[in-house]
Amino acid sequence: MKKYLPILKNSPFFTGLTDNEILSILHCVKATTVSQKRDSYIFRAGDSTEVMGLVVSGCVLVIQEDLWGHRNILSKCHTGDFFGEPYAASPGAVLNVSVVADTDCEIILLNVQRLLISCPTACEHHQKLIRNLVSVLANKILILNDKITHVGKRTTRDKLLSYLSAESIRHSSLSFDIPFDRQQLADYLCIDRAAMSTEISKLQKEGFIKTNRNHFELTVCNNSDSEIKM
């Protein structure tokens with residue numbers, strides 16, 4: 001596990017902890033490392049879990065799927081990101097999401113239940129870790145709230161503009177990369193890919209955006225007659 005320390009130290013879950021404390025915690029929560037191939041499932045909807053995952057290489061998608069294969073992407077987790085925390089922290093909770101590898105990846109699995117009971121070794125950093133877990137869970141709520149904001153818009157155009165505006169604010173720039181390819185973006189916003197591509201083309205022709213693959217540049221218009229309608 002020592003080779004993952006540079007990644008773990010930058011994770012909000014381990015904020016304020018020393019290397020030795022992190023290694024002690026990994027032992028306490030029975031951390032194990034698994035390697036997953038692209039498109040393989042890490043968690044499946046309908047199962048339950050006592051572990052949450054930490055991505056240490058590659059990336060994974062948190063998704064919902066119906067019986068006909070329609071996919072709704074809830075979030076994309078990159079190196080240093082967690083997934084499965086709410087379910088791992090709720091004994092017996094049944095997953096209503098699946099987690100699938102978007103690329104070949106490595107995952108550290110942590111038994112959250114061992115954090116929610118009295119630590120058998122009386123770790124001094126146990127309470128600090130619980131506070132960090134609460135912070136991680138709160139951030140996940142904010143991420144899902146952003147998605148609700150975007151998909152709550154009425155039209156494909158409005159959903160796109162809501163998402164792109166939020167990404168621009170998050171990057172503090174009108175020029176930025178998004179974490180999704182076009183199909184993933186459509187799945188995230190719960191819209192048809194063809195309709196989305198049509199709207200993106202319209203926005204480019206109207207001079208509001210420039211895009212190349214997953215890179216976008218937004219243009220802010222001062223003319224009230226030409227402003228993007230949100």
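This is a predicted model: local features need pLDDT of at least 70, side-chain atom pairs count only at pLDDT 80 or more; totals for chains, interfaces and linings use all residues.

**Aromatic rings and their surroundings**

Me: At what angle do the ring planes of F43 and F83 lie?

Reply: The structure contains 7 aromatic pairs. In the pair formed by F43 and F83, the ring centres are 5.5 Å apart. The pair counts as edge-to-face because planes over 60 degrees apart fall in that class, and here the angle is 65°.

Me: How many residues apart in sequence are the parts that the pair of F43 and F83 ties together?

Reply: F43 belongs to strand β2, whereas F83 belongs to strand β6. The pair therefore ties together parts whose separation in sequence is 40 residues.

Me: Is F83 buried or exposed?

Reply: A residue counts as buried under 20% relative accessible area. The relative accessible area of F83 is 0%, so F83 is buried.

Me: How far from the ring centre of Y188 does K147 lie?

Reply: Two charged residues can be considered here. The charged end of R44 sits over the ring of Y41, 3.9 Å from its centre. K147 lies over the face of Y188, and its distance from the ring centre is 4.5 Å.

**Strand β3 and its partners**

Me: Over how many bridges do β3 and β8 pair?

Reply: Strand β3 spans residues 51–57 and is mostly covered, with 5 of its 7 residues buried. Its pairing with strand β8, residues 105–111, is antiparallel. Within this pairing, L54 stands opposite I108. The number of bridges between β3 and β8 is 6.

Me: Which residue in β6 is the bridge partner of G53?

Reply: Strand β6, residues 82–83, runs antiparallel to β3 and is joined to it by 2 bridges. The partner of G53 in β6 is F83.

Me: Which residues does S11 contact, leaving aside its neighbours within four places in sequence?

Reply: S11 is located in the loop between α1 and α2. Its relative accessibility is 1%, so S11 counts as buried. With neighbours within four places in sequence left aside, its contacts are L54, G80 and F82.

Me: What distance separates the C-alpha atoms of S40 and I108?

Reply: S40 lies in the loop between β1 and β2. Apart from neighbours within four places in sequence, S40 is in contact with V99, V100 and A101. S40 and I108 are 68 residues apart along the chain, and their C-alpha atoms are separated by 16 Å.

**Helix α2**

Me: Why are the buried residues of α2 placed on the same side, and what arc do they cover?

Reply: The buried residues of α2 are I22, I25, L26 and C28. They are placed on the same side of α2 because they cover an arc around the axis of only 160°.

Me: Against which elements do the buried residues of α2 pack?

Reply: The other side of α2 carries the exposed residues N20 and H27. The buried residues of α2 pack against α1, β8 and α4.

Note on methods:
Residues are numbered from 1 along each chain as its sequence is written. Side-chain values use heavy atoms; hydrogens and water are left out. Buried means under 20% relative accessible area, exposed over 50%, partly exposed in between (1.4 Å probe, protein chains only). Helices (H or I, at least four residues) and strands (E, at least two) are DSSP runs, numbered from the N terminus. Two strands pair if DSSP finds at least two bridges between them. Contact means heavy atoms within 4.5 Å. Rings of Phe, Tyr and Trp (its six-membered ring) pair if their centres lie within 6.5 Å; planes under 30 degrees apart count as stacked, over 60 as edge-to-face and the rest as tilted. A charge sits over a ring if NZ of Lys or CZ of Arg is within 6 Å of the ring centre and within 35 degrees of the ring normal. The arc is that of the directions from the helix axis to the C-beta atoms.
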